[in-house]
Amino acid sequence: MIGGVAMAGMTDPNRIWTEAADRLKTEIGDGPFSSYIAPSAVRVDSQGNLILVTPTAYARDWVRKNALRRMNELWLGLDGLSRRLEVRCRAEMGSVPPASASREAPRLASISAAPAAAPAAPAFAPATDGARAVRAAGLQERLTFDSFVEGHGNAFALAIAKQVASWADGHFNPVFFCGPYGYGKTHLLNAIAWEAQRLRPDAKVVYLTAERFLSTFVRAMQDRSTAAFKESLRSADMLLLDDVQFVGGKTSTQEELLNTLTALIEDGKRIVLSADRAPVALTDVEPRLRSHLAAGLTCPVEAADRDLKVAVAQSRLNALAKLGVVTGEARSEVLEHLVDRTPGSMRELEGAVNTLAAVAGSRLSALTVDEVQTLLGAALRTGPERRITVDEIQKTVAEHFNLKQADLLSERRTRAIARPRQVAMYLCKQHTTRSYPDIGRRFGGRDHTTVLHGVRKIEELMPKDDQIARDVEALTRKLRG
Ligand SMILES: Nc1ncnc2c1ncn2[C@@H]1O[C@H](COP(=O)(O)OP(=O)(O)OP(=O)(O)O)[C@@H](O)[C@H]1O
C-alpha cells in the first residue's frame, strides 16, 4: 500500500528512497531487507537514471526477482518526476556519484580487498596499485617465496606451498599448514597468495586471518548483511585462512566457516589453511569442521634447527643491508652466538637481528662475539620465558572487563569497549614480539596507527589514572601466571 498523498511529488532521491525503503521493509520483513536492501544505495548515472546499486550480483538478482516490481510501485507513488528505478550490482557500476550519502556501502571490500566500486578487479593486484591493495588484503609485501629460507623443517611445506601457488592440478583440498608459533606459516600463506595472484591476475585470491573472519562475520550479523559476507567469500577462487585455531569454541563462526569451506570445495575452489596444531588436535573445533579441515593434505612446518635459524638471520641482515640499515656482513660466529642466545621462534630471532642491526649499523662486519654480548646485554635473553600470545591477552582482558573477546575485535567504539581494547593492545606490545601492523591485524584488521594510538593512550593514562594502572598491573600479573 502506498499511503500518504502528501508524500507524492517529492523529487529528492534521498528522501524518496528513505520513504520507499521504510515501507518496503514492513512488507518484506527485517531479514531480507537487512541482507539485500539496506546495504544497497541509490545512485544517479550519467544519463540521470536512478539506479539501485546492490553490493553483489547475488543481491541484485534477489532484488530483481523479489522486490524490484514492488519497489518501483512504491517509488512511483512518491516521485514527483515519475522516474523508475533500475537495479545493478556494484561490479557493473563505474564511479557513479551517490544520490544518498546516508546509506553506507557494505564493508565487504575489507575481506575480498577488491576496491568498493570495482569488485570485478582481482582481490589484489601486485603489479599496479599493489601496495595499497595488499595492505587492504592484510598481506605483507616482504612475505614472498623469495624471502622464505628453506631448511630441514620446512622443505616439504615449501614444496607444497609452491605447488598450491601454481594452481597445479592434483592439488589436495584443503591444504592445511600446521606447526608451532612463529616458524613461517603466515609467511607461506602470504607467499602463496602473492604467487597465485601473479600467475592468475584475474583470479580472486582472498587472504584473511581467522580473527578477521570472526570479526567480519560478527559485524555482518550485527548489520544483518550475512548474505553479502557469504557471497564475498564464496566467490573466491582461492581462499587462504590463517590461524584457524582462533575459531575454537566459537560455535556460529565455526558453522559459517564449515558452510564456506563446503561451498568452495564443491565448486572446486582452492583452500589453504594454517593453525598452530594439526586439525585432529583442534579439540575445541566442532568434529564436522575438524574432519573437513583434515580432509586434504596436512603439512607440518616444523620448528627450525640451528642452521635454518642462522640462515634466516643472515637473510634478514641482507634485507636490512639493502635498506641501508647496516653495511657489511656479520661474522659467522656473531650470527651463531645471536641464534644460540635467542630462544624461541623466528619471530624472537628477527627481533634480536633487528636489535643487532640497530646497534651495529655500519660496524656490523667488525663486531666480535664479546662486543655483541656487551652491546645487546639484556636484549638477548638467557633463558626461556613463558610465551604470552595475543589470543591469551585478548581473552584475559575481555574476562577482566567482563566483555567478550569478540567485543575487542569488533568495530564498537563505546568507551566501555574502546578502553579495554587499548589496554589489550598495550599489553600485546609489552608482552609479545608482534609489530604494530601485526597487532592491528589481530584486532579485527585495524590499521597500525590505531594500535599505536591505543598503546600511547594507555602509556599516557597510567601515571595519572589509578584505575588504569591497577587494571594493567592486575592483568600483567594474570598473564605472567
Ligand atoms: N623459513 C623462513 N624464512 C624466512 N623468514 C621466516 C622463515 N620462517 C619464519 N620466518 C619469519 O619469522 C616471522 C614469523 O613467521 P610467521 O609469522 O610466518 O609465523 P607463524 O608460524 O605464522 O606464527 P603464528 O602461528 O604465530 O601466526 C616472520 O617474520 C617470518 O617472515
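**Figure 1. The whole chain, as a starting point.** Residues 24 or more positions apart make up 75% of the contacts in the protein chain with a separation of 6 or more. Keep in mind that this is a predicted model. The protein chain has 22 helices and eight strands, and 42% of its 481 residues count as buried.

**Figure 2. A look at the shell around the ligand.** There are 18 residues around the ligand, and Gly-184, Lys-185, Thr-186, His-187 and Met-346 come nearest. Sorted by class, the shell has seven nonpolar, six polar and five charged residues. Both domain 2 (130–300) and domain 3 (306–379) give residues to the shell, so the ligand lies between them.

**Figure 3. Zooming in on Ala-304.** Ala-304 sits in the loop between strand 8 (297–300) and helix 13 (306–322). Ala-304 counts as buried because it has 24 C-beta neighbours inside 10 Å. Setting aside neighbours within four places in sequence, Ala-304 is in contact with Gly-151, Gly-153, Tyr-183, Lys-309, Val-312 and Met-346. Met-346 also turns up among the residues that come nearest the ligand. As for Glu-150, 154 residues separate it from Ala-304 in sequence, while the C-alpha to C-alpha distance is 9.9 Å.

**Figure 4. Helix 19 crossing helix 21.** Helix 19 (residues 415–431) and helix 21 (residues 448–461) pack with their axes 8 Å apart, at an angle of about 95°. That makes the two helices roughly perpendicular to each other. On the helix 19 side, look for Arg-421, Gln-422, Val-423, Met-425, Tyr-426 and Lys-429; they meet Val-451, Gly-454, Val-455, Lys-457 and Ile-458 in helix 21. By class, this contact has six nonpolar, two polar and three charged residues.

Figure 5. Most residues other than glycine have a negative phi, and most peptide bonds are trans. The loop between helix 7 (155–165) and strand 4 (175–178) holds Pro-174, and the peptide bond from Asn-173 to Pro-174 is cis, with omega near -5°. Trp-167 is found in the loop between helix 7 and strand 4 too, with a positive phi near 60°. With 15 other C-beta atoms within 10 Å, Trp-167 is partly exposed. Over in the loop between helix 9 (210–223) and helix 10 (226–234) you'll find Arg-224, whose phi is also positive, near 55°. Arg-224 has 17 C-beta neighbours inside 10 Å, so it counts as partly exposed.

Technical notes
Residues numbered from 1 in each chain as written. Predicted model: local features only at pLDDT ≥ 70, side-chain atom pairs only at ≥ 80, totals over all residues. Axes fitted to C-alpha atoms, helices over the stretch in contact; angles between N-to-C directions. Helix = DSSP H or I, 4+ residues; strand = E, 2+ residues; numbered from the N terminus. Parallel < 35°, antiparallel > 145°, perpendicular 65-115°, else oblique. Contact = placed C-beta atoms within 7 Å. Nonpolar A, V, L, I, M, F, W, Y, C, P; charged D, E, K, R; others polar. Buried ≥ 20, exposed ≤ 12 C-beta atoms within 10 Å, placed from the backbone. Near = placed C-beta within 6 Å. Domains from an automatic or database assignment.
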